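This briefing goes through one chain by topic. Look at the sequence and the model first, then read the points below.

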Amino acid sequence: MGKDKHCKKEKKKVICCDPVYIIEDSYTEKEVTFVHPIIRVKREHIKYVRRDVYKEKVIKEVIDPGAPTKCDCNKKHKKCKKKSKKK
């Protein structure tokens with residue numbers, strides 16, 4: 001009833017081929033997070049430096065050669081006589 005009269009009269013040979021693939025690619029961006037850990041190390045290096053400190057001590061010395069017994073001049077001097085004290 002609903003068939004085409006033209007196809008009925010002529011019998012055509014139908015050959016089925018493998019399908020042809022038409023690929024239409026589409027891309028969607030999706031964010032992926034990469035975590036890169038950073039460890040910051042703050043170092044303090046100690047360098048010992050020489051520092052000289054001098055403690056001063058003062059020592060007082062008195063050198064007494066004794067009382068002179070004679071004069072250095074060439075003059076003749078009289079000896080002093082000791083006076084005794086009377087009571």
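R50 counts as exposed in this predicted model, because its relative accessibility is 72%, and exposed begins at over 50%. R50 lies in the segment after α1, the helix that spans 5–9. Its partner in a salt bridge is D52.

**The R50 and D52 pair**

- How many salt bridges does a search of the whole structure find? The search finds 1 salt bridge.
- That bridge joins D52 and R50, and the closest N and O atoms of the pair are 2.8 Å apart.
- A salt bridge needs a side-chain nitrogen of Lys or Arg within 4 Å of a carboxyl oxygen of Asp or Glu, so the 2.8 Å between R50 and D52 meets the cut-off.
- Side chains of opposite charge can pair when their charged atoms come close.
- The two side chains, R50 and D52, also make a polar contact, listed at 2.8 Å.
- D52 is partly exposed, because its relative accessible area of 44% falls between the limits of 20% and 50%.
- R50, at 72% relative accessibility, is on the exposed side of those limits.

**Cysteines**

- How many disulfides does the count come to? The count is 0.
- C16 is in no disulfide, and the nearest cysteine sulfur, that of C17, is 7.6 Å away.
- For C17 the nearest cysteine sulfur is that of C16, also 7.6 Å away, and C17 is in no disulfide.
- C16 counts as exposed, because its relative accessibility is 72% and the cut-off is over 50%.
- C17 counts as exposed as well, because its relative accessibility is 66%.

**The chain as a whole**

- Which elements of secondary structure does the chain have? The chain has 1 helix and 0 strands.
- The helix is α1, at 5–9, and R50 belongs to the segment that follows α1.
- Of the 87 residues in the chain, 0% are buried.
- The chain exposes about 12,600 Å², of which carbon and sulfur atoms supply 54%.

Note on methods: Residues numbered from 1 in each chain as written. Predicted model: local features only at pLDDT ≥ 70, side-chain atom pairs only at ≥ 80, totals over all residues. Heavy atoms only, no water. Disulfide = S-S within 2.5 Å. Buried < 20%, exposed > 50% of the residue type's maximum accessible area, 1.4 Å probe, protein only. Helix = DSSP H or I, 4+ residues; strand = E, 2+ residues; numbered from the N terminus. Areas by Shrake-Rupley, 256 points an atom, 1.4 Å probe, with all protein chains shown as cover. Polar contact = N/O pair within 3.5 Å; in protein donor to acceptor, adjacent residues only side chain to side chain.
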